[in-house]
Amino acid sequence: MKLFILTTLFGLGLPQHNPHFKDGRTTIVHLFEWRWSDIAAECERFLAPKGFGGVQISPPNEHIVLDNPWRPWWQRYQPISYNLCSRSGSEKEFIDMVTRCNNVGVNIYVDAVINHMCGSSGGEGNHSSCGSWFSASKKDFPSVPYSAWDFNVNKCRTATGNIENYGDIAQVRDCRLVSLLDLALEKDYVRAKVAEFMNKLIDLGVAGFRVDACKHMWPGDLQNVYGRLHNLNSTWFPNHSRPFIFQEVIDLGGEVISSREYIHLGRVTEFKYGAKLGKVFRKWQEEKLCYTRTWGEGWGFMSDGNAIVFVDNHDNQRGHGAGGSSIITFWDPRLYKMAVGYMLAHPYGVARVMSSYRWNRNFVNGKDQSDWLGPPSNINGSTKAVPLNPDQTCGDGWVCEHRWRQITNMAIFRNVVNGQPHTNWWDNQSNQVAFGRGNRGFIVFNNDGWDLDVTLNTGMPGGTYCDVISGQKDGNRCTGKQILVRNDGNALFKITYTDEDPFVAIHAESKL
């Protein structure tokens with residue numbers, strides 16, 4: 001009877017924890033604000049050859065367009081319909097992207113905004129990415145269609161209609177998040193329209209969804225919507241495969257709404273991961289890298305099988321969301337490469353790498369006044385293409401962290417060591433640590449202010465290996481450091497604290 005109850009409770013959710021990676025791939029990259037045509041090309045020319053498993057894309061739905069030449073990034077999170085025409089491209093371009101990425105084994109995960117429509121002051125008319133008419137003041141979105149009956153109005157008990165007290169669970173879930181018109185997801189009609197939108201995407205070939213703002217929706221309402229979803233398209237996925245669901249729930253601990261309330265429905269974003277890893281690598285509050293011997297569940301994170309992990313995301317790299325100033329981003333590249341390298345070497349969770357664009361930061365009283373700026377854009381407001389430099393990094397304001405050699409090679413490392421245990425731990429009781437992944441990989445960090453010079457047991461077969469941080473294997477030579485592993489598995493590691501990248505990683509496929 002107990003087994004039957006558990007199956008009933010969790011039978012819907014467990015299949016939705018599976019990202020459906022192909023060919024032993026293990027890592028998601030968030031190509032934030034990229035155009036569909038650029039993503040399609042990136043799947044073919046880079047992501048598939050380098051072994052990335054999937055792409056999280058920006059919301060594909062029709063959204064508001066503000067009369068602002070810099071087009072804020074957050075306008076993508078203000079839907080006015082579920083038409084597939086956004087500033088990333090048309091429905092035809094979307095279908096082409098999904099098809100081309102699937103054909104080379106790279107999954108597409110859609111950022112699904114289903115908690116709300118645009119802001120209550122979003123205006124009316126055709127200021128939208130498809131040109132559809134809407135009226136925010138009348139709660140009228142004829143392209144769905146939604147009317148005033150489809151929004152939480154009477155359920156919210158605050159004077160403003162907005163969330164005023166995050167300690168009140170009902171307010172958080174029934175009132176407007178920063179004035180965004182809150183959909184009444186308890187109504188069957190609204191559930192059906194949301195499921196219709198998601199099912200169209202599934203039928204086109206997407207592998208799953210990053211569901212936005214889940215904290216602001218009742219788990220029971222989400223369970224009803226997820227239960228209406230189709231199986232994945234059998235052209236690219238095994239029969240009866242359920243869509244991968246990973247849910248944004250900001251929970252740093254001590255919140256009235258816990259991530260635990262959502263883990264039976266799919267994976268959940270583990271926001272404590274990046275916040276705490278940032279403190280460790282910044283050495284704040286007396287944190288040390290040696291303390292991460294029990295990293296993962298030993299640090300109070302959710303169970304491994306439920307977690308999506310990341311060093312930063314599109315919100316908290318701008319100081320929003322969760323984690324505060326401890327979050328490490330591309331603005332601090334030395335620490336960032338180490339932190340992402342640590343994440344990709346460690347077996348906990350499904351890992352997601354951020355791929356960003358730059359903006360001109362303007363700090364006033366410690367607050368970046370320009371964090372709202374949209375992606376690199378042309379004079380007419382359209383998003384720029386992502387150009388490639390001769391060294392294969394990106395130009396024109398696109399950062400492309402996933403193309404940084406160190407991060408690309410650690411994504412490959414993660415594939416090579418997939419399924420291997422966390423082994424052969426070593427530390428100096430400070431900020432020099434090392435660990436292996438069975439006999440398939442080994443990584444060493446020096447985040448102290450002095451040199452590392454130590455012989456360690458790697459657990460790997462004897463031979464000469466190329467360090468994939470300072471360089472990589474190129475035919476029968478190494479472009480960076482060489483590491484000689486003796487027949488007993490021991491190897492000498494030297495990392496000066498002034499190295500550009502003070503860490504070393506070797507794996508079975510980097511052996512000469």
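Student: Is Tyr-146 buried or exposed, and what is its relative accessible area?

Tutor: This is a predicted model, and the values discussed here are computed from it. A residue counts as buried under 20% relative accessible area. Tyr-146 falls under that cut-off, so it is buried, with a relative accessible area of 1%.

Student: What is the geometry of the pair formed by the rings of Tyr-82 and Tyr-146?

Tutor: The structure holds 36 aromatic pairs. For Tyr-82 and Tyr-146, the ring centres are 6.0 Å apart and the planes stand at 90 degrees. Planes over 60 degrees apart count as edge-to-face, so the pair of Tyr-82 and Tyr-146 is edge-to-face.

Student: Which parts of the chain does this pair link, and how many residues apart are Tyr-82 and Tyr-146?

Tutor: Tyr-82 belongs to the loop between strand E2 (54-57) and helix H3 (91-103). Tyr-146 belongs to the loop between strand E6 (134-135) and helix H4 (169-174). The pair thus links distant parts of the chain, and its members are 64 residues apart.

Student: Why is the pair of Tyr-146 and Tyr-189 classed as it is, and in which helix does Tyr-189 lie?

Tutor: The ring centres of Tyr-146 and Tyr-189 are 6.5 Å apart and their planes are at 80 degrees, so this pair is edge-to-face. The pair links distant parts of the chain, 43 residues apart, with Tyr-146 in the loop between E6 and H4. Tyr-189 lies in helix H5 (residues 188-204).

Student: How does Tyr-189 count by relative accessibility?

Tutor: Buried means under 20% and exposed over 50%, with partly exposed in between. Tyr-189 has 37% relative accessibility, so it counts as partly exposed.

Student: Over which ring does Arg-318 lie, and at what distance from the ring centre?

Tutor: Arg-318 is one of the residues closest to the centre of the second largest pocket, which is lined by 18 residues. That pocket has a volume of about 370 Å³. Arg-318 lies over the face of Trp-359, and its distance from the ring centre is 4.3 Å.

Student: What is the volume of the largest pocket, and which class has 13 residues in its lining?

Tutor: The largest pocket has a volume of about 720 Å³. Its lining comprises 28 residues, and among those nearest its centre are Trp-73, Trp-74 and Leu-177. By class, the lining has ten polar and five charged residues, while the class with 13 is nonpolar.

Technical notes:
Residues numbered from 1 in each chain as written. Predicted model: local features only at pLDDT ≥ 70, side-chain atom pairs only at ≥ 80, totals over all residues. Heavy atoms only, no water. 1 Å grid on protein atoms, 1.4 Å probe; cavity = no way out; pocket = protein on both sides within 12 Å on 5 of 7 lines; lining within 4 Å. Points joined across faces, edges and corners; volume = space filled by probe spheres on them. Nonpolar A, V, L, I, M, F, W, Y, C, P; charged D, E, K, R; others polar. Phe/Tyr/Trp six-rings, centres within 6.5 Å; stacked < 30°, edge-to-face > 60°. Helix = DSSP H or I, 4+ residues; strand = E, 2+ residues; numbered from the N terminus. Buried < 20%, exposed > 50% of the residue type's maximum accessible area, 1.4 Å probe, protein only. Lys NZ or Arg CZ within 6 Å of the ring centre and 35° of its normal.
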